[in-house]
Amino acid sequence: MKKTAVTDHPISELLRERWSPRAFSDQPVPADVLRSLFEAARWAPSSNNEQPWAFIVATKDDPATHAKLLSKLVEFNQAWARHAPILGIAVSRLAFTGNGSANRNAFYDTGAAMADLTTEAISRGLLVHQMAGFDPRKATEQFLIPEGWEPIAAFVIGYPGNPQSLPEKLRERELAPRTRKPLSEFVMSEKWGQPAPFLK
Ligand SMILES: Cc1cc2nc3c(=O)[nH]c(=O)nc-3n(C[C@H](O)[C@H](O)[C@H](O)COP(=O)(O)O)c2cc1C
């Protein structure tokens with residue numbers, strides 16, 4: 001299923017086709033494709049080129065790790081995420097490697113890496129669904145994430161599935177229209193709250 005964004009202004013097709021489904025096919029993702037997704041993340045920009053991201057990734061080829069990662073998700077997310085072939089957690093390093101000072105852009109940069117991974121995924125017919133609903137403390141313990149690194153968001157990667165496979169409530173959400181704030185609410189100039197003149 002597609003859920004192409006209905007935009008107010010033209011944007012690239014890859015971005016229009018990105019969305020966060022809950023119905024995933026169980027079709028496996030080939031290892032070379034997975035390598036390309038993380039290669040895309042690798043080339044994301046970051047403050048001081050720190051590249052403060054790391055990813056814990058579980059494929060269904062390794063059912064024990066897949067189950068371990070799945071169990072860190074909240075129940076709501078487990079219900080649909082279990083069918084997807086790839087589960088992951090994006091992790092950020094909170095301090096700069098060089099001098100140990102706080103890296104206030106670590107989360108931002110990790111998000112940029114995920115965004116690039118997501119766009120690469122779409123170009124290969126895959127979709128990514130990110131999740132705040134997981135237990136970062138348990139993930140840290142069970143995946144031996146070292147001190148100074150923090151799990152930020154979990155994610156699912158897979159090929160689109162059939163929305164009819166979802167329970168009724170999730171199916172309704174899957175089929176509901178996608179909504180966004182207008183540009184005038186968040187693109188400002190001159191002072192806060194003043195929409196940028198080029199929006200007119
Ligand atoms: C950091 C982050 C956390 C999210 N957490 C969850 C989650 O725990 N469960 C869920 O079903 N969707 C989650 N989502 C998906 C959002 O609800 C979704 O991106 C948003 O509704 C916009 O829909 P779209 O991605 O289809 O455009 C999350 C997305 C992001 C980026």
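This is a predicted model: local features need pLDDT of at least 70, side-chain atom pairs count only at pLDDT 80 or more; totals for chains, interfaces and linings use all residues.
The buried residues of helix α3 pack against β1 (53-59), α4 (75-81) and β2 (86-93). Here, buried means under 20% relative accessible area, exposed means over 50%, and partly exposed lies in between, with a 1.4 Å probe and protein chains only. Contact means heavy atoms within 4.5 Å. Helices (H or I, at least four residues) and strands (E, at least two) are DSSP runs, numbered from the N terminus.

Residues are numbered from 1 along each chain as its sequence is written, and side-chain values use heavy atoms, with hydrogens and water left out.

Let me continue with α3. Which residues of helix α3 (residues 63-70) are buried? They are His66, Leu69 and Leu70. Viewed down the axis of α3, these buried residues fall within an arc of 100°, so they line one face of the helix; the arc is that of the directions from the helix axis to the C-beta atoms. An α-helix has 3.6 residues a turn, so residues three or four places apart point the same way.

Leu70 has a relative accessibility of 9% and counts as buried. Leaving aside residues up to four places away in sequence, Leu70 touches Gln78, Ala81, Arg82 and Leu87. From C-alpha to C-alpha, Leu70 and Ala81 are 7.5 Å apart in space, and they are 11 residues apart in sequence.

I turn now to a pair of helices. The axes of α2 (residues 31-42) and α5 (residues 106-123) come within 7 Å and cross at roughly 140°. That makes α2 oblique to α5. Axes are lines fitted to C-alpha atoms, for helices over the stretch in contact, and angles run from 0 to 180 degrees between N-to-C directions; under 35 degrees counts as roughly parallel, over 145 as roughly antiparallel, 65 to 115 as roughly perpendicular, and the rest as oblique.

On the α2 side, Ser36, Leu37, Phe38, Ala40 and Ala41 meet Ala113, Asp116, Leu117, Glu120 and Ala121 in α5.

Finally, the loop between α2 and β1 holds Asn48 and Gln51. Asn48 is not a glycine, yet has a positive phi of about 60°; with a relative accessible area of 68%, Asn48 is exposed. Gln51, also a residue other than glycine, has a positive phi near 50°, and at 34% relative accessibility Gln51 is partly exposed.
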